[in-house]
Amino acid sequence: MRIIMLLGSSGCGKTTTLNLVEQELRARGAQTTNRVQQGGNKDDFSALLIFNGRRIGYLTMGDYSRVILQCWDQFEQQQCDLFVTACNDRFVKPVRRLNSYAHNVVRKTRNSDRLSMDANDLRVLREIVNLI
């Protein structure tokens, strides 16, 4: 299983960006199954996406290390080809675990205003979609 990790600080927009990526993948024909809300934020979820014949484990909630590792294990057991996850940049265990997998890390930064946030979200969205 290959990993794409969106790494950034709390509140930088990891969940928002990964929700946009999921919307883009669905627009390109991905099917979302087994969608489960994670935590109290309605935008935080895990799901299995089927896209271009590949199984993609997907987690938008990156501010709880335990949830990341649990979903990682779950998607690996489901024999996913890819796991896309948000991850807070202060976490050690998920980042350390990357070394055992083929992976890409995409960094998400906090923006000072709404206009630059939109441009940064679009840049990161394109980067992740291209990696998938």
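Leaving aside neighbours within four places in sequence, Ala30 is in contact with Leu25, Ile50 and Phe51, where contact means heavy atoms within 4.5 Å. The model is a predicted one, in which local features need pLDDT of at least 70 and side-chain atom pairs count only at pLDDT 80 or more, while totals for chains, interfaces and linings use all residues. Residues are numbered from 1 along each chain as its sequence is written, and side-chain values use heavy atoms, with hydrogens and water left out.

Ala30 is placed in the loop between helix 1 and strand 2. With a relative accessible area of 9%, Ala30 is buried; buried denotes under 20% relative accessible area, exposed over 50%, and partly exposed the range in between (1.4 Å probe, protein chains only). From C-alpha to C-alpha, Ala30 lies 21 Å from Gln77, and the two are 47 residues apart in sequence.

The protein chain contains four helices and six strands. Helices (H or I, at least four residues) and strands (E, at least two) are DSSP runs, numbered from the N terminus. Along the sequence, these elements follow the pattern β-α-β-β-β-α-β-α-β-α.

The six strands form an open sheet with mixed pairing, in the order 2-3-4-5-1-6. Two strands pair if DSSP finds at least two bridges between them. Strand 2 (31–37) and strand 6 (103–107) are the edge strands, each pairing on one side only. From one strand to the next, the twist averages 15 degrees. Axes are lines fitted to C-alpha atoms, for helices over the stretch in contact, and angles run from 0 to 180 degrees between N-to-C directions. Within the sheet, strand 3 (residues 45–51) pairs with strand 4 (residues 54–59) in the antiparallel sense over six bridges. Ser46 stands opposite Leu59 in strand 4.

Helix 1 (residues 14–27) packs on the sheet and touches strand 1 (2–8), strand 2, strand 3, strand 4 and strand 5 (82–88). The direction of helix 1 makes about 160 degrees with that of strand 5. Helix 2 (residues 65–77) lies across strand 1, strand 3, strand 4 and strand 5, and runs at about 175 degrees to strand 5.

Thr17 is found in helix 1. Thr17 counts as buried because its relative accessible area is 0%. Not counting residues up to four places away in sequence, Thr17 touches Leu6, Lys108, Asp121, Val124 and Leu125. The side chain of Thr17 also reaches the backbone oxygen of Gly13 at 2.9 Å. Gly13 itself lies in the loop between strand 1 and helix 1 and, at 17% relative accessibility, counts as buried. With residues up to four places away in sequence again not counted, Gly13 touches Lys108 and Asp121. The C-alpha atoms of Gly13 and Asn120 are separated by 9.7 Å, although these residues are 107 apart along the chain.

For the chain as a whole, the radius of gyration is 14 Å, which agrees with the value near 14 Å that a compact globule of 132 residues would have. This radius is taken over C-alpha atoms, and the globule rule is 2.2 Å times the number of residues to the power 0.38. Along the principal axes, the C-alpha atoms fill a box of roughly 40 × 35 × 30 Å. Of the 132 residues, 45% count as buried. Among contacts between residues at least 6 apart in sequence, 65% join residues at least 24 apart.

Conventions
Polar contact = N/O pair within 3.5 Å; in protein donor to acceptor, adjacent residues only side chain to side chain.
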